Amino acid sequence: MKSLKAQGSILSNTQQQIDILEQGTNQNNSSKQLLFTEKLEALEHYPLKPTQLEIFQINVGKMCNQVCQHCHVDAGPDRKEIMTVETMQQCLDVLKANASFKTVDLTGGAPEMNPHFRWFIEEIKKLNKHIIVRCNLTIILANKKYHDLPDFFKQHRVEVVSSLPFYSKDRTDRQRGTGVFGDSIKALQLLNRVGYGVEGSNLLLNLVYNPAGAFLPASQTTLEKEYKEALQKEFNIVFNNLYTITNMPISRYLDYLLRTGNYEKYMDKLITAFNPSAALNVMCRNTLSIGWDGFMYDCDFNQMLDLKVAVSQEHISQFNAADLLNRSIILNQHCYGCTAGSGSSCGGAVA
Amino acid sequence: MENHYYNAEDLGKFGNIGEFQKPLADKFFAWYGEVFGESSLTAKEKSLIALAVAHAVQCPYCIDAYSSDAFEKGYSEAQMMEAVHVAAAIKGGAALVHGVQMMNKVKEIAM
């Protein structure tokens, strides 16, 4: 499977995606969909404002060893956009000057495929920030040069957050590709072996559940219990927490929804499940998202829709904390994905 | 009025039955919610029972709702089909076991 970009899909044009989100597909009742901004207005939270600048999430590139069906980044081996050392240095300068950023959350693609990844982690660590790496697990086995990643993560006390869409092979492979489940299990065992997820080690290993289809996640608490029982029993694997994350109706997942005729029904599901308390806890209120080219966004999803932060200086080299704290967060219909049911964020449910 | 008896969109209007009789609808939905909550049986187990019963009572709304619900809660296609077979087997068995009644009657009247 190729990325939407490599396929020349119309959805690789972000404006096309925004048009679909705003206008629907001209089928059924798309025109009747209530605007997300109107929902927030009713809660007296429009325009939506940040609470603080706490999490610095960096997408270091779209290059990935996997091509997952639901990927909102449209990542894959054919994507060559990755962050340069110069942009990384600009990120480090901002992190050094702004103590409010306590956590640096590295994502991709497979962030480990950026050739400067290890240097970047070492430099961030010197600034005494908590580091999260969103590791797809299979990268650890993909090439000999990645085999020591568990030790590298351990050495720098990195928190590892990894996608495992389900505790069975069938659902995982359907979403992430044939063989991904088996390799993910091996990678989890390697992480356990160095202490990740093991009680008392202080090495955090959290897993991410994504629905493998056009539906919302089940209860995070219930799924975590099932994952823990199944992975322990079948593979002797332990981990800390499970984060349930709702699939956003953008990029490759939007393509899936449109291809299967599920788009309108999925949007209706998200809108019907709108949860005001989840809306007040959305992650964009304390997160700043940085793209591979250094532009700043309210979240990784806005980044993939090329909706830059609403300030005059949009690039990390022009970072201005006061302006960013006063900005209005850019919203559109995809935001319903973060406010449905128990809510959704990079740290799982929020309500 | 639609010219067919079942309409998929009506499932989403189930909550509107309170429009004609609110106190009873409120009681029903409160009870329904409690029935399907986590209790001695898990919500997941209850979802699979509901899926099987939905097939036994042949309710298209219930089949729609609990096919989604059971799959969302993590049951595989094979597990869900086995639940439907359980419903079908009970329905089939229920018909067939009456064969004993038929036999009893025939033996009663036959020479």
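**Exercises on a predicted model**

**Exercise 1.** Find which residues of α2(B) are buried, and work out where they lie around the helix axis.

*Solution.* Step 1: a residue counts as buried when 20 or more other C-beta atoms lie within 10 Å of its own. In α2(B) this gives Ser47(B), Leu48(B), Leu51(B), Ala52(B), Ala54(B) and His55(B).
Step 1: looking down the axis of α2(B), these buried residues fall within an arc of 160°, so they line one face of the helix.
Step 2: the general rule is that an α-helix has 3.6 residues a turn, so residues three or four places apart point the same way.

**Exercise 2.** Check the span of helix α2 of chain B against 1.5 Å a residue, then state what follows the helix.

*Solution.* Step 1: the helix runs over residues 43-56, which is 14 residues.
Step 1: after α2(B) comes Gln58(B), with a positive phi near 50°.

**Exercise 3.** Name the residues of the largest nonpolar core that touch the most other members, and list the contacts of Val133(A).

*Solution.* Step 1: the core has 94 residues, and those with the most touching members are Ile58(A), Val60(A), Val133(A), Val160(A) and Ile250(A).
Step 1: with neighbours within four places in sequence left aside, Val133(A) contacts Leu106(A), Pro111(A), Phe153(A), Val158(A) and Val160(A).
Step 2: another core, of eight residues, lies apart from it and includes Leu48(B), Ala52(B), Ala70(B) and Ala83(B).

Notes: Residues are numbered from 1 along each chain as its sequence is written. Chains are lettered from A and ligands numbered from 1 in the order in which they are written. This is a predicted model: local features need pLDDT of at least 70, side-chain atom pairs count only at pLDDT 80 or more; totals for chains, interfaces and linings use all residues. A nonpolar core is a set of buried Ala, Val, Leu, Ile, Met, Phe, Trp, Tyr and Cys residues joined through C-beta atoms within 7 Å. A residue is buried if 20 or more other C-beta atoms lie within 10 Å of its own, exposed if 12 or fewer, and partly exposed in between; C-beta atoms are placed from the backbone. Two residues are in contact if their C-beta atoms, placed from the backbone, lie within 7 Å. Helices (H or I, at least four residues) and strands (E, at least two) are DSSP runs, numbered from the N terminus. The expected span of a helix is 1.5 Å times one less than its number of residues. The arc is that of the directions from the helix axis to the C-beta atoms.
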